[in-house]
Amino acid sequence: MIEQWPSPAKLNLFLYITGRREDGYHNLQTLFQFLDYGDTLTITADSSGELKLLTPVAGVPDEQNLIVRAALLLREKAAARGTLPANAGASLAVDKRLPMGGGLGGGSSNAATVLVALNHQWQTGFSFEELAALGLSLGADVPVFVQGFAAYAEGVGEKLTPVSPAEKWYLVMHPGVSVATPVVFNDPLLTRDTPYRQINELLEADFRNDCEAVVRKRFREVEQLVSWLLEYAPSRLTGTGACVFAEFDTESAARQVLELAPKELQGFVARGANVSPLHRILSEHSS
Ligand SMILES: C[C@@](CO)(OP(=O)(O)O)[C@H](O)COP(=O)(O)OP(=O)(O)OC[C@H]1O[C@@H](n2ccc(N)nc2=O)[C@H](O)[C@@H]1O
Ligand SMILES: Nc1ncnc2c1ncn2[C@@H]1O[C@H](COP(=O)(O)OP(=O)(O)O)[C@@H](O)[C@H]1O
C-alpha cells in the first residue's frame with residue numbers, strides 16, 4: 001500500500017481576469033503547472049470507522065482543514081454510491097513545506113491528494129473526472145491537482161485543457177506578508193476586463209498576471225521582491241500571491257539568485273512538472 005503521498009505546489013504561469021460573474025466570482029484564463037516540491041501526506045486506510053488527523057495545521061481548526069473536509073466528502077459520496085468498505089477509516093498526517101495562502105495551492109493540493117489517495121486505498125471506484133468534480137466544491141484549484149496534468153483553465157479554473165509548457169527551473173520566494181485571495185478580488189483597482197483570447201494566442205504571448213499590479217501596489221514587500229527578482233530573471237506573482245517566482249533554464253542559475261536573497265526571506269528552488277508528482281507515484285505503482 002502506498003502510504004507517502006506527494007502534495008505538490010502549483011504555479012499560475014499566467015493569469016488573466018476576463019470578467020466578473022453574477023455571483024461575484026471572477027472568470028479567469030490561467031495556466032497551471034506543478035512543481036516537483038510540496039507537502040507530503042502520510043495516509044493509512046484502516047477499518048476503525050474513524051478519520052484521524054494526526055498533525056493539526058496551526059491556525060486551521062480541524063473541521064476546516066481541507067485534509068479532513070476532503071476525507072469526509074469522499075466517505076459521504078462513496079457511502080451514497082454503495083462503494084464504501086465497511087468501517088472505512090483512515091489516519092492522515094501532513095508534513096507541511098508550502099506556505100499557506102501563498103498562491104501555491106497548498107491547501108487545495110492537500111485536498112486533492114486525500115481524494116486520490118483514499119479513493120485508491122478504499123477502492124471506492126471514482127474516476128479522476130468524478131473526483132475533480134467533487135473537489136471543486138472544496139476549492140477552485142482542487143480539480144487541476146486531482147487531474148494531475150499541467151493545464152490551461154477557464155471559468156473559475158475548473159475547465160481544464162492539457163498543455164505542455166516548458167518545464168523550467170523556478171526560484172519561488174515568499175515576501176513575508178500574507179495576501180488574502182478575497183482582498184485581491186474585491187480591490188477596486190483590480191482590472192477585470194482583459195480581452196478573452198484563444199489558448200494558442202495566450203501561449204505565444206508574454207505571460208502576465210492581472211493580480212500583480214494591485215498586489216504590488218498594496219504590499220510594499222511584494223513590490224520590493226518583484227523588483228529585485230526582475231534584475232535577474234523574468235518574474236511574476238503566482239495566483240493572488242503572496243509568492244513570486246522567477247524562471248531559469250538551469251537549477252544552478254536559480255540557486256545562485258537564492259544565495260543572494262536577503263536572509264529573512266524564505267525561498268526554494270524547484271522544477272516545473274507537467275505531470276503531477278502525485279500521478280507519477282500512482283503510475284509507478286501500477287506499472
Ligand atoms: C485565483 C486563484 C488561482 O489559482 O488564486 P490562489 O488562491 O491560487 O492564489 C484560485 O483559483 C483561487 O481559488 P480558491 O483559493 O479556491 O478561491 P477561494 O478561496 O474559494 O476564493 C476566495 C474568494 O475570492 C473570490 N474569488 C475567487 C476565485 C475567483 N475565480 N473569483 C473570485 O472572485 C471570491 O470572493 C471568493 O469568495
Ligand atoms: N491543509 C491545509 N493546508 C493549507 N491551508 C489550508 C488547509 N486547510 C485549510 N486551509 C486554509 O486554506 C487557505 C488557503 O491555503 P492555500 O491553498 O495554501 O493557499 P493559496 O490558495 O493561496 O494557494 C489557508 O489560508 C488556510 O486557512
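## Basis of the report

A salt bridge is counted here when a side-chain nitrogen of Lys or Arg lies within 4 Å of a carboxyl oxygen of Asp or Glu. The model is predicted, so that local features need pLDDT of at least 70 and side-chain atom pairs count only at pLDDT 80 or more, while totals for chains, interfaces and linings use all residues. Residues are numbered from 1 along each chain as its sequence is written, chains are lettered from A and ligands numbered from 1 in the order in which they are written, and side-chain values use heavy atoms, with hydrogens and water left out.

## Salt bridges

A search of the whole structure finds 14 salt bridges. One of them joins Asp141 and Lys10, with 3.8 Å from N to O; Asp141 sits in the loop between α3 (128–136) and α4 (142–147), whereas Lys10 belongs to strand β1 (residues 4–20), 131 residues apart. Helices (H or I, at least four residues) and strands (E, at least two) are DSSP runs, numbered from the N terminus. Lys10 is buried, at 3% relative accessible area (buried is under 20%, exposed over 50%, partly exposed in between, with a 1.4 Å probe and protein chains only).

Lys77 pairs with Glu76, their closest N and O atoms being 4.0 Å apart, and Lys77 is partly exposed at 34%. Arg216 and Glu223 meet at 2.8 Å, N to O, and Glu223 is partly exposed at 28%; a network of salt bridges links Glu212, Arg216 and Glu223.

## Annotated region

An unreviewed UniProt entry lists residues 65–148 as "domain: GHMP kinase N-terminal", with positions in the numbering used here, feature names shortened, and annotations that may be inferred rather than shown by experiment. In the model, this span is 57% helix and 8% strand, and its end C-alpha atoms lie 22 Å apart.
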